[in-house]
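Let's walk through this one together, from the overall fold down to single residues. Have the sequence and the 3D view open side by side.

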Amino acid sequence: NVDSMRKLGDFYFYGNGVTKDFQKAYNFYTNAAKDNNAKAQYKLGKMYENGIYIQKDYKQAVYWYTLAAQLEDTRAIFRLGEMYYYGLGIKTDFVLAMQYLERASEEKNSEAQFIIGCMYEDGHGVEHNNMIAAKWWEKAANLGHAKAKYKLGLLYLFGEGVSKNTEKAKALLQEASEQGVKEAISALTRL
């Protein structure tokens with residue numbers, strides 16, 4: 001059974017009930033991935049991306065993530081969005097990054113929503129638009145994303161893309177600072 005192979009890979013990868021063994025995990029994941037198991041394909045992508053047991057290889061990570069994404073693995077869809085955005089293992093492509101990140105955001109992936117907001121803020125692959133950035137950061141902030149709270153707080157503080165609202169800005173910056181965003185702490189001391 002293909003999913004049993006993937007689960008055995010997980011047991012060895014995490015050391016659940018067995019001694020942690022990345023080589024065995026890799027072998028089980030590879031066998032399951034070749035039989036179109038999306039979770040195994042995703043795990044292989046992570047192993048290649050992070051150099052776990054095997055040499056770090058972003059191109060191989062992209063290969064396995066692409067296969068998993070074709071089978072609708074939402075984690076792989078998100079990772080492909082990031083890899084296209086940052087140019088890891090592939091040429092930076094903001095249009096493809098946006099396509100993958102939007103798909104990931106449909107699954108309430110706050111990091112995908114945050115990055116999309118940054119793309120609108122910076123004009124990467126889209127026209128610069130702080131109003132749209134604010135909408136994406138608000139979605140991410142509502143899911144607890146600390147940096148989105150910080151970015152959204154700044155927009156409210158300066159009235160960029162949203163109506164200026166110092167109280168809302170302070171509240172968002174306070175939340176972000178409590179979640180460890182150093183820039184938010186710095187911004188609060190200047191208010």
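Reading along the sequence, you get the pattern α-α-α-α-α-α-α-α-α-α-α.

Keep in mind that this is a predicted model, where local features need pLDDT of at least 70 and side-chain atom pairs count only at pLDDT 80 or more, while totals for chains, interfaces and linings use all residues. Residues are numbered from 1 along each chain as its sequence is written, and side-chain values use heavy atoms, with hydrogens and water left out.

Now for the overall picture. Taken along the principal axes, the C-alpha atoms of the protein chain fill a box of roughly 55 × 35 × 25 Å. Of its 191 residues, 43% count as buried, where buried means under 20% relative accessible area, exposed means over 50%, and partly exposed is in between (1.4 Å probe, protein chains only). Contact here means heavy atoms within 4.5 Å. Take the contacts in the protein chain between residues at least 6 apart in sequence: 40% of them join residues at least 24 apart.

Next, how do helices pack? Two packed helices are described by the angle between their axes and the distance between the axes. The axes are lines fitted to C-alpha atoms, for helices over the stretch in contact, and the angles run from 0 to 180 degrees between N-to-C directions.

Start with helix α2 (residues 22-34) and helix α3 (residues 38-50), which pack at an angle of about 135° with their axes 8 Å apart. That angle makes α2 oblique to α3: under 35 degrees counts as roughly parallel, over 145 as roughly antiparallel, 65 to 115 as roughly perpendicular, and the rest as oblique. The crossing of α2 and α3 is left-handed, which is to say that the near helix is turned anticlockwise from the far one by less than a right angle (clockwise would be right-handed). On the α2 side, Phe22, Tyr26, Tyr29, Thr30, Ala32 and Ala33 meet Ala40, Gln41, Lys43, Leu44, Met47 and Tyr48 of α3. Sorted by class, this contact of α2 with α3 has nine nonpolar, two polar and one charged residues. For that sorting, Ala, Val, Leu, Ile, Met, Phe, Trp, Tyr, Cys and Pro count as nonpolar, Asp, Glu, Lys and Arg as charged, and the others, Gly among them, as polar.

Then jump to helix α10 (residues 166-178) and helix α11 (residues 182-189). Their axes come within 7 Å and cross at roughly 135°, and α10 and α11 are therefore oblique to each other. α10 passes α11 in a left-handed crossing. Look for Lys170, Leu173, Gln174, Ala176 and Ser177 in α10, which meet Ala184, Ile185, Ala187 and Leu188 in α11. By class, the contact of α10 with α11 has six nonpolar, two polar and one charged residues.

On to the charges. A salt bridge is a side-chain nitrogen of Lys or Arg within 4 Å of a carboxyl oxygen of Asp or Glu, and by this rule the count comes to nine. One of them pairs Asp3 with Arg6, the closest N and O atoms being 3.2 Å apart. Both residues lie in helix α1 (residues 2-14), three residues apart, about one turn of the helix. Asp3 is partly exposed at 26% relative accessible area, whereas Arg6 is buried at 9%.

Another salt bridge joins Arg79 to Glu49, with the closest N and O atoms 2.0 Å apart. This pair links distant parts of the chain, Arg79 being in helix α5 (residues 74-86) and Glu49 in helix α3, 30 residues apart. Both Arg79 and Glu49 are buried.

Finally, where does Ile90 sit? Ile90 is in the loop between α5 and α6, and is partly exposed, with a relative accessible area of 21%. Ile90 and Lys59 are 31 residues apart in sequence, yet 6.8 Å apart in space, C-alpha to C-alpha. Leaving aside neighbours within four places in sequence, Ile90 is in contact with Val62, Met83 and Tyr84.

Technical notes. Helices (H or I, at least four residues) and strands (E, at least two) are DSSP runs, numbered from the N terminus.
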